[in-house]
Amino acid sequence: RGIDRINCLNALSYEFQYYEFSGNRDNKLKGDSINHYAMLANNEAKKIDYKYGIALSLIYLATSEQYRGNLTDFEKYIQQAGALAENIQNDKLLGKVYMFRGSIESGKKNDSLFLALTKKAFQYFEKAGDIEGQTEAASWLCIGYSSIGKYEEGLEYCHKSFAAAQRRMVTNKAWGDFLAQFSFRNLADLYKTVGDYETALDYYRQGFQYAKKYNFKWNMEGEMGEMFYQTGKYDSSLFYLQRSIKDSDPKKIWVKTTQGKIYLMRKEYDKALILFKENLDRAEKNNQISSNEKRVYLWGNSFLAGKALEGKKKFKDAVKFARQSASVADERRQWQWRIDSYELLSNIFH
């Protein structure tokens, strides 16, 4: 009992972050489960004044509120955890707190503060020797710097997350595999954005080999299909896109998006348009996906709907969807999305 039991309860809170209920990623149910064990840990840690256990349970209580969409309580728990982590000067806890503080600023679209806080989190994780924390913080820094066009800084942190992920020192295997693939994908995306398609493809292929070696579902076939699609290699794109949806849940939005891309390549514009419009409606109404995922689906399907309407030569309708995709790209400050959206608008007006 005592400290060992509190550590076990906090460990259960950690594991429930990555648990899927009957194959369904139900964020509210996940948040409830995390909250249950974190609250038990918090109450028991307070009884024996186990400060590390209290601070860690507060971080998991914050996580549970994030999953449940209660952002006010999320921020409250992070502030409490931060004060306690500062008091006991624990680098690992401070890294977690600063990373959460960074995510709060990211939600407020405060790029400079998000980057400063997340960089501080990375430094604390380095001091603590926390490989998992380093991998995750570096991944967000890679994306953050790249999204505002600071590619050299982005590349530096992409490589740091990649190097940390290869050490495979993450407690939860599924999360570790995700972070490894995330680092492959981020490097590939960055090189693709700056026009180095060969290097991008090499990282996608490394991700494919990693998934094969460790039996991980995210195998980069969809990403390779997408890259070949963007570079006009439609036969290769069709091959990988079809493989990527072979064993996937047909109800998932990204599967329908991929099927729509296949129709688009075949110039079956009406079939493609039906799927893209359905996906836009589904993304708007789906409460089980994160706000980031929602924006990805909204941008992708509005952009592709614009492409399909351009193919049908219905230019006025195409402009509406292309402008919608440009609006999401501007809101997210995603450079590659902006490039694609404004190129589409230019083509339509031409």
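Biologist: Does Cys158 count as buried or exposed?
Modeller: This is a predicted model: local features need pLDDT of at least 70, side-chain atom pairs count only at pLDDT 80 or more, and totals for chains, interfaces and linings use all residues. Residues are numbered from 1 along each chain as its sequence is written, and side-chain values use heavy atoms, with hydrogens and water left out. Buried means under 20% relative accessible area, exposed over 50%, and partly exposed in between (1.4 Å probe, protein chains only). Cys158 has a relative accessibility of 0%, so Cys158 counts as buried.

Biologist: What counts for Cys8, at 46% relative accessibility?
Modeller: The value 46% falls between the cut-offs of 20% and 50%. Cys8 is therefore partly exposed.

Biologist: Which residue forms a disulfide with Cys142?
Modeller: A disulfide is a covalent bond between the sulfur atoms of two cysteines. Here the term means a pair of cysteine sulfur atoms within 2.5 Å. The structure holds one disulfide. Its sulfur atoms are 1.8 Å apart, and the partner of Cys142 is Cys158.

Biologist: How many residues apart in sequence are the parts that this pair ties together?
Modeller: Helices (H or I, at least four residues) are DSSP runs, numbered from the N terminus. Cys142 lies in helix 7 (residues 131-147), and Cys158 lies in helix 8 (residues 151-165). So the pair ties together parts whose separation in sequence is 16 residues.

Biologist: Are helix 3 and helix 4 roughly parallel or antiparallel?
Modeller: Axes are lines fitted to C-alpha atoms over the stretch in contact, and angles run from 0 to 180 degrees between N-to-C directions. Under 35 degrees is roughly parallel, over 145 roughly antiparallel, 65 to 115 roughly perpendicular, and the rest oblique. Helix 3 (residues 51-68) and helix 4 (residues 71-88) pack at about 160 degrees, with axes 8 Å apart. That makes the two helices roughly antiparallel.

Biologist: How many nonpolar residues are in the contact of helix 3 with helix 4?
Modeller: Contact means heavy atoms within 4.5 Å, and the residues involved include Leu58 of helix 3 and Tyr77 of helix 4. Ala, Val, Leu, Ile, Met, Phe, Trp, Tyr, Cys and Pro count as nonpolar, Asp, Glu, Lys and Arg as charged, and the others, Gly among them, as polar. Three residues are polar and three are charged, while the nonpolar residues number 13.

Biologist: What is the angle between helix 11 and helix 12?
Modeller: Helix 11 (residues 221-230) and helix 12 (residues 234-244) have axes 7 Å apart. The pair is roughly antiparallel. The packing angle is about 155 degrees.
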